[in-house]
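Subject: Structure handover

Hello,

I am passing on the structure we discussed.

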Amino acid sequence: MKIVSACLIGCQCRYDQRACLDAETEALLKEGKAIPVCPEQLGGLPTPRPPAEIVGGDGFDVLDGRARVIDRTGRDVTAEFLAGARQALRLAQAVGATSAVLKENSPSCGSSFVYDGTFSGNKTAGVGVTAALLIRSGIAVQSEQTK
Ligand code: SF4
(Lines give C-alpha, C1' and ligand atoms only; values in the text may rest on other atoms or scores of the structure.)
Protein backbone atom coordinates (compact mmCIF):
# COMPACT_ATOMS: atom_id res chain seq x y z
CA MET A 1 0.00 0.00 0.00
CA LYS A 2 1.17 3.53 -0.84
CA ILE A 3 0.29 6.92 0.55
CA VAL A 4 -0.39 9.39 -2.28
CA SER A 5 -1.00 13.13 -2.37
CA ALA A 6 -4.74 13.61 -2.66
CA CYS A 7 -4.35 16.34 -5.31
CA LEU A 8 -2.68 13.79 -7.60
CA ILE A 9 -5.86 11.72 -7.73
CA GLY A 10 -8.04 14.71 -8.56
CA CYS A 11 -9.04 16.10 -5.16
CA GLN A 12 -9.24 19.89 -5.35
CA CYS A 13 -7.32 20.30 -2.10
CA ARG A 14 -4.52 22.54 -3.39
CA TYR A 15 -4.28 26.04 -1.96
CA ASP A 16 -5.82 27.37 -5.20
CA GLN A 17 -8.16 24.38 -5.74
CA ARG A 18 -6.49 23.74 -9.10
CA ALA A 19 -6.59 20.10 -10.19
CA CYS A 20 -3.27 18.36 -10.76
CA LEU A 21 -4.44 14.87 -11.66
CA ASP A 22 -1.74 12.31 -12.42
CA ALA A 23 -3.12 9.35 -14.35
CA GLU A 24 -0.62 6.79 -13.01
CA THR A 25 -1.29 7.80 -9.42
CA GLU A 26 -5.03 7.70 -10.03
CA ALA A 27 -4.60 4.18 -11.44
CA LEU A 28 -2.93 3.09 -8.18
CA LEU A 29 -6.00 4.28 -6.30
CA LYS A 30 -8.39 2.45 -8.65
CA GLU A 31 -6.36 -0.73 -8.19
CA GLY A 32 -6.76 -0.42 -4.41
CA LYS A 33 -3.04 0.17 -3.90
CA ALA A 34 -3.11 3.74 -2.63
CA ILE A 35 -4.55 5.84 0.19
CA PRO A 36 -4.89 9.58 -0.58
CA VAL A 37 -3.86 12.17 2.00
CA CYS A 38 -3.68 15.96 1.97
CA PRO A 39 -1.42 16.92 4.87
CA GLU A 40 -2.32 20.60 4.73
CA GLN A 41 -6.02 19.84 5.08
CA LEU A 42 -5.26 17.21 7.74
CA GLY A 43 -3.40 19.93 9.63
CA GLY A 44 -6.53 22.04 9.72
CA LEU A 45 -5.89 24.49 6.88
CA PRO A 46 -8.86 25.51 4.70
CA THR A 47 -9.17 25.27 0.93
CA PRO A 48 -8.68 27.66 -0.72
CA ARG A 49 -5.84 29.11 1.38
CA PRO A 50 -2.91 31.44 0.78
CA PRO A 51 0.15 29.70 -0.68
CA ALA A 52 2.87 28.91 1.84
CA GLU A 53 6.61 28.37 1.54
CA ILE A 54 9.34 27.12 3.85
CA VAL A 55 11.57 29.97 5.02
CA GLY A 56 15.06 29.17 6.22
CA GLY A 57 15.52 25.64 4.94
CA ASP A 58 13.47 22.63 3.93
CA GLY A 59 11.16 20.17 5.62
CA PHE A 60 13.92 18.54 7.64
CA ASP A 61 14.84 21.97 9.01
CA VAL A 62 11.19 22.58 9.94
CA LEU A 63 11.11 19.24 11.80
CA ASP A 64 14.25 20.28 13.68
CA GLY A 65 12.99 23.78 14.49
CA ARG A 66 15.48 25.60 12.24
CA ALA A 67 12.95 26.80 9.63
CA ARG A 68 9.34 27.94 9.55
CA VAL A 69 6.44 27.69 7.11
CA ILE A 70 4.99 31.11 6.30
CA ASP A 71 2.05 31.87 4.04
CA ARG A 72 1.89 34.73 1.57
CA THR A 73 0.05 36.93 4.07
CA GLY A 74 2.89 36.50 6.56
CA ARG A 75 1.05 34.08 8.83
CA ASP A 76 3.19 31.40 10.46
CA VAL A 77 1.54 28.07 9.61
CA THR A 78 4.35 25.83 10.87
CA ALA A 79 2.13 24.23 13.53
CA GLU A 80 -0.50 23.27 10.95
CA PHE A 81 2.11 21.82 8.59
CA LEU A 82 3.65 19.77 11.40
CA ALA A 83 0.23 18.55 12.56
CA GLY A 84 -0.65 17.50 9.02
CA ALA A 85 2.63 15.69 8.59
CA ARG A 86 2.03 13.74 11.80
CA GLN A 87 -1.51 12.84 10.68
CA ALA A 88 -0.21 11.66 7.30
CA LEU A 89 2.40 9.51 9.04
CA ARG A 90 -0.23 8.06 11.36
CA LEU A 91 -2.37 7.11 8.37
CA ALA A 92 0.61 5.61 6.56
CA GLN A 93 1.47 3.49 9.58
CA ALA A 94 -2.17 2.49 10.10
CA VAL A 95 -2.40 1.01 6.60
CA GLY A 96 1.13 -0.40 6.61
CA ALA A 97 2.35 1.84 3.80
CA THR A 98 6.04 1.48 3.03
CA SER A 99 6.17 4.02 0.21
CA ALA A 100 4.55 7.23 -0.95
CA VAL A 101 3.99 9.18 -4.17
CA LEU A 102 3.82 12.88 -3.27
CA LYS A 103 3.33 16.05 -5.30
CA GLU A 104 6.63 17.65 -6.24
CA ASN A 105 7.46 21.25 -5.22
CA SER A 106 4.88 21.45 -2.41
CA PRO A 107 6.03 22.72 1.01
CA SER A 108 4.34 19.63 2.45
CA CYS A 109 4.75 17.01 -0.24
CA GLY A 110 7.80 17.97 -2.32
CA SER A 111 10.46 15.27 -2.35
CA SER A 112 13.21 16.82 -4.50
CA PHE A 113 12.35 20.51 -4.78
CA VAL A 114 10.44 23.14 -2.81
CA TYR A 115 9.95 26.86 -3.38
CA ASP A 116 12.70 28.89 -1.79
CA GLY A 117 10.71 30.96 0.68
CA THR A 118 10.78 34.21 -1.30
CA PHE A 119 7.41 33.78 -3.11
CA SER A 120 9.19 34.60 -6.35
CA GLY A 121 8.62 31.29 -8.10
CA ASN A 122 12.18 30.07 -7.52
CA LYS A 123 12.69 26.46 -6.47
CA THR A 124 15.50 24.98 -4.44
CA ALA A 125 16.60 21.43 -3.73
CA GLY A 126 14.83 20.11 -0.65
CA VAL A 127 11.84 18.25 0.69
CA GLY A 128 8.52 19.32 2.16
CA VAL A 129 7.54 18.85 5.80
CA THR A 130 5.44 15.71 5.33
CA ALA A 131 7.95 14.18 2.94
CA ALA A 132 10.69 14.78 5.52
CA LEU A 133 8.73 13.13 8.33
CA LEU A 134 7.82 10.11 6.17
CA ILE A 135 11.45 9.70 5.04
CA ARG A 136 12.68 9.91 8.65
CA SER A 137 10.13 7.27 9.57
CA GLY A 138 11.45 4.83 6.97
CA ILE A 139 8.86 5.36 4.25
CA ALA A 140 10.26 5.64 0.71
CA VAL A 141 9.05 8.86 -0.92
CA GLN A 142 8.85 9.50 -4.65
CA SER A 143 7.13 12.24 -6.62
CA GLU A 144 4.70 11.96 -9.50
CA GLN A 145 7.68 12.87 -11.69
CA THR A 146 10.09 10.23 -10.39
CA LYS A 147 7.90 7.22 -9.64
FE1 SF4 B 1 -2.39 18.60 -0.17
FE2 SF4 B 1 0.14 17.75 -0.63
FE3 SF4 B 1 -1.50 18.18 -2.67
FE4 SF4 B 1 -0.60 20.24 -1.23
S5 SF4 B 1 0.63 18.85 -2.52
S6 SF4 B 1 -2.68 19.93 -1.93
S7 SF4 B 1 -0.54 19.32 0.83
S8 SF4 B 1 -1.77 16.64 -1.06
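Predicted model: local features only at pLDDT ≥ 70, side-chain atom pairs only at ≥ 80, totals over all residues.

Ligand site. The ligand sits in the largest pocket. Around the ligand there are 14 residues, and the closest are Cys-7, Val-37, Cys-38, Glu-40 and Cys-109. By type, this shell divides into 7 nonpolar, 3 polar and 4 charged residues.

Lys-103. This residue is found in the loop between β5 (99-102) and β6 (113-115). Is Lys-103 buried or exposed? Its relative accessibility is 16%, and because buried means under 20%, Lys-103 counts as buried. Leaving aside neighbours within four places in sequence, Lys-103 is in contact with Ser-5, Cys-7, Leu-8, Arg-14, Cys-20, Cys-109, Gly-110 and Glu-144.

Helix α4. This helix covers residues 78-94. Its 17 residues, at 1.5 Å a residue, should span 24 Å. The expected span is 1.5 Å times one less than the number of residues. The buried residues of α4 are Thr-78, Glu-80, Phe-81, Leu-82, Gly-84, Ala-85, Ala-88, Leu-89 and Ala-92. After α4 comes Gly-96, with a positive phi near 70°.

Helix α5. This helix runs over residues 129-136. It is mostly covered, with 6 of its 8 residues buried. Those buried residues are Val-129, Thr-130, Ala-131, Ala-132, Leu-133 and Leu-134. Just after α5, Gly-138 has a positive phi of about 90°.

Val-129. This residue belongs to helix α5. Val-129 has a relative accessible area of 0%, so it is buried. Which residues does Val-129 touch, not counting those up to four places away in sequence? They are Ile-54, Gly-59, Val-62, Leu-63, Val-69, Phe-81, Leu-82, Ala-85, Pro-107 and Ser-108. Of these contacts, Phe-81, Leu-82 and Ala-85 are also listed among the buried residues of α4. Leu-82 and Val-129 are 47 residues apart in sequence, while their C-alpha atoms are 6.9 Å apart in space.

Regards

Notes. Residues numbered from 1 in each chain as written. Heavy atoms only, no water. Near = heavy atom within 4 Å. 1 Å grid on protein atoms, 1.4 Å probe; cavity = no way out; pocket = protein on both sides within 12 Å on 5 of 7 lines; lining within 4 Å. Sits in = over half its atoms within 2 Å of the grid points. Nonpolar A, V, L, I, M, F, W, Y, C, P; charged D, E, K, R; others polar. Helix = DSSP H or I, 4+ residues; strand = E, 2+ residues; numbered from the N terminus. Buried < 20%, exposed > 50% of the residue type's maximum accessible area, 1.4 Å probe, protein only. Contact = heavy atoms within 4.5 Å.
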